[in-house]
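Please open the model in a viewer and keep the selection tool at hand.

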Amino acid sequence: MKTLFSMFYSQLRTMGLILKHTFTKADTVQYPEEQPYLAPRYRGRIVLTRDPSGEERCVACNLCAVACPTDCISLQQTIDDDGRKRAEFFRINFSRCILCGFCEEACPTYAIQLTPDVELAEYERQNLVYEKEHLLISGPGKYPDYSFYQQSGLAISGKEKGQGEQEKTPIDVKGLMP
Amino acid sequence: MAKAMETVTIFIDNQAYQVDKGNNLLAGVLSQKLNLPYFCWHPSMGSVGACRQCAVTQYQDENDQRGRLVMACTTPVTEGMRIGLKEPAAEKFREQVISAMMTNHPHDCPVCAEGGECHLQDMTVMTGHSSRSYQGKKRTFTNQNLGEFVGHEMNRCITCYRCMRFYNDYAGGKDFGVFGSKNQVYFGRQTDGQLESEFSGNLVEVCPTGVFTNKLFSAHFSRKWDLQSAPSICAHCSVGCNTSIGERYGSVRRVVNRFHPDINGYFLCDRGRFGIGFVNGEQRLKTTKGINQLSPEKLSRLDVAKTLVHHRGKKFIGIGSARASLEANAYLQQLVGSNNFSAGLSNQQMAMAATHLSLLNKYIVPSVAQIEDSDFILILGEDITQTAPRAALAVRQALRNVSFDKAADIGIPSWQDSAVRTIGGTERTPLFALQSTPTKLDEVSQATMLLAPEQLSQCIEALITKVQLMLGLSVSSEKHELLATLPTEKLRLLEQITQSLLKAKKPLVVTGWSLQSPALLKSTEQLMSVLHSDDFMRYNNESSEESEYLSCQLAIFPPESNSLGLMSLLEQESLSNEQVLTQLSHDSGDNDVFGVILLEQQLANFSNNQLQQLRQQAQVIIAIDHSESEISNLADIVMPATAISEGDGHFANYQGILQRYYQVHTTLSPVQESWRWLNLLAISVFQQPERVDSFAHLQKVLAEECKNWPINISKDVENDDVGIARQTHRNSGRTSQSANFSVHEPQVTKSSASVNTFEPPLNFSMEGKSAENSSSQPFAWAPGWNSNQSINHNSSGNNSESSERCFIYLKSDPLLNQSWSASEEESPSQPNLQTEPVAHSLFIRQSTCFHDDWQANFNAEFTLKLPINQLTMSTEQLSGLGLKSGNFVKVLLADQQVVGKAYVDESLSENLCYGFFHQLTATITNITAYVSKANDDEIAEHLSNQQQLMMQAKEQQAQVLARLKITDQLVPIRMVSGGLDEH
């Protein structure tokens, strides 16, 4: 008798739950007409950002390339006339990229950042090869205030030795004062 | 250094280890592949205990629990000594030392060229210092411009003093120093300017952090982990320093030192380090000339065969070269036959080669490490500071042997650097030089004398007489008279030399080719035979009781990297340049010489006249070379060959040791190794059917065909061996570097198999094992040690490695071809009738480190370092022309007129002058110069030429860099390494 009751109850409860879900909001969205919300820290398409003064942040240090488990980043450093180091070319082969974000973790200048854009689909694999002009954006991304050259000891045009944020004025080696 | 190692047992963290008794505790710990951080210690510069980084705990005995801190680098090892590396107090101490050093270290590792191979980074990680507690502001310095080669970023300095100790104490530099006090110590020059030492590039490797960086490498930078490297041999002089060449995206990036205990040790000269730029230069030949190419895409074997078939069966003369590998030279000789083979040497040089080879046969040539051991050095007519700089550095170290002995007497070990220097004072091992130009070693030698080459031979003869008299031997009366006629200062010098020579236990005589004087080598031969005579040996064995006398050693420095390899191939019937021309001019029916094959030969020893003659008389000139030259313009057929980093081969150094250089990277078709071109010639012209398709195959062919082939070929080499990786395990960008052309990854280039066990195969990938010894190591690396200091973990200290050595084959019978020595100097015509006074004197070319080597000359940076044209004369001669020091003169030398500044040297004799003119090749020396006053037009022309040269060099530098940056992105899908037909 007791088991019979519980069997009926179970059936009714299941029907009730299903009926209840009919009136709740659906989790699925009508992609691509509707876009889901992705957090700013979501790991999608990779971009290269600029520092607050609008200059490229990337100093072509190669740390992203060496951190990359699929070896899909390649670049070449160049020293420009203003003393800044930049990437002569910067290439990410997104057909190999696994969006692991190691490059972002490795980047010492906050230049390389992953964005919530996950729509990386092409009919041609070749179209997934992104060059520097495709990667570079015009803003600072997730870290609006950081400027690497203000922290480093390197002199660039517009910032001489000793003018960085944590620096004393350069020492006069031939001075006699202690 | 190569003494058998005595060991003692020490206990490190209660584990017993066997370490070298003669070295300090730090070296002992490192030799056991244990990790102990250090900065100021350097294996060849000893300890000063400046950085306090290598603190370890030393315990009294097994029961001692507390122990005390000692600096490992200044602590000698004793039997049964107990130390601890893991004691928390010592670990904390080491971490705090780093922490203090890092207070002012700038936050610029990402933009530092040292990053990734930085000793400071490694040590910081090793001590576990991970977060910065100092919040104050950082001290800064301004940088200096230290010239073309070395960059300066003083903020990164941790004041270990290694740069000073290397540049000033070890290499004898004068223009570098330490300034300031306390926390403001600055390392640099008094003012901005080019570093003068020939060893300035070593600062980059000696500096534990990024204060000194390689400027040429930084301009086109790559991280160490991205470089594809292979063991190589320096192609710029005859010392044969071991190097490691690094390549990225198809262009050569840099050369670093590869440790070799007997030759270069830890240091290279700047010519070797920075001279590699010619591989990337604008002058490289990249296409063929005189060969009709059918397909627009690439040259095929058929194209070459179609061109060459017209010359089938004709007789060719082959001229080899001292820049090409032993294999290529031997292959050429085998193709044309030894009676049609020439080494590109003149009669006079062939006579020198013959004497040189007979000297090599008789006397053992010391290695660079053995030069460092000698206690008496006599230099005869060679400026080794410029022609063989690494050997000159060894001579400088030999001068310290007096200090080492003195220190040993009171129980100070040789690695106690500052103590040894204090006790040694200014006392030096005797070094004498009889030479024709002043050198940088003059300031440290006991006595020197400037002599014309003829007088030099006379002086050596007098020295021989002097030695014989000392030994109590009878000497003919003529020789007595000769001695009596000498001026007193010469006599006094000879007296001094003889006295020191008789006291010496390990004497050394050094000479070379740069004076182009066969007489000098002949008289050296006489001197050596006296020094090796029984009487001399007996005298020395009687006079010395405690230490044994070693017979006098002789080092002769030939001009080029493979001079000895080429000379070892010479036969009795080999041709000199003059004979090549007579052979060509003979019209003797069917045995007519048809053409000339030039193997990597720019014919530097041909005069302009001779070149014209060659062009007129040879029907066909086939030039195989890697760079444009006058010859490649003259030649009918030009075949582009590989440079040092693009092919395999062997070079024989000044001792005759054959050393292997490996291919670092592949080239683009149709550039291929010269032996591949020779193979095409062999098939089409010489009707040899065999097709040689790999370096290993070539080696086997040569071993079969040539009698006395010096390189061992072992039958039982396992070629399924995994090989050694040319790339680091962390090489990056593999799936992206050619993705701009195709997302499909390129196939890995196959590497050549090996034919013997001591030359292991190398892979063009990051797969493979790491090298077992430093001699086959493409790059230096050990776990936890990314910098070049990892070498202390790879080689066990200074012990000689047990790798096999191949020597060139020396024929027992001397080369005696009378026609070589009988050369008549073409006396150049007197200058045209001139109203101005003309001075005649014997011109000796001053050797210059950066401009003597043909290949290195293609570097724009070396041109920028070009010294001004100058001629130094005696006071009388210059005043005879009515001129003063600093005025311009015009000089007629071997039909070439050059203009330069005149200077005065008081110690010069009347009819001798020395100087440097960049227009003249290295072999124009020891000839008569006609000096007269230069008029204003000539001066103006000269100055504008000089200026133009500098402008061009600057332009060229920028052009090369711009082109390399473009080619970085044009990494081809598939690079050819198997000749023209590989798919």
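Begin by selecting D71(A) and R734(B): the two form a salt bridge, with their closest N and O atoms 3.7 Å apart. The term denotes a side-chain nitrogen of Lys or Arg within 4 Å of a carboxyl oxygen of Asp or Glu. By this rule, four salt bridges are found across the interface of chain A and chain B. This is a predicted model, in which local features need pLDDT of at least 70 and side-chain atom pairs count only at pLDDT 80 or more, whereas totals for chains, interfaces and linings use all residues. Residues are numbered from 1 along each chain as its sequence is written, chains are lettered from A in the order in which they are written, and side-chain values use heavy atoms, without hydrogens and water.

Next, display the whole interface. Chain A contributes 49 residues to the contact (heavy atoms within 4.5 Å) and chain B 52 residues. Together they bury about 4100 Å², 52% of it on carbon and sulfur atoms; buried area is the accessible area (1.4 Å probe) lost on putting two parts together, summed over both. Select D71(A), I171(A) and V173(A), which supply 16% of the area that chain A buries against chain B, more than any other three residues.

Finally, move to V239(B). Beyond its neighbours within four places in sequence, V239(B) is in contact with residues including I263(B), V368(B), F557(B) and Y654(B).
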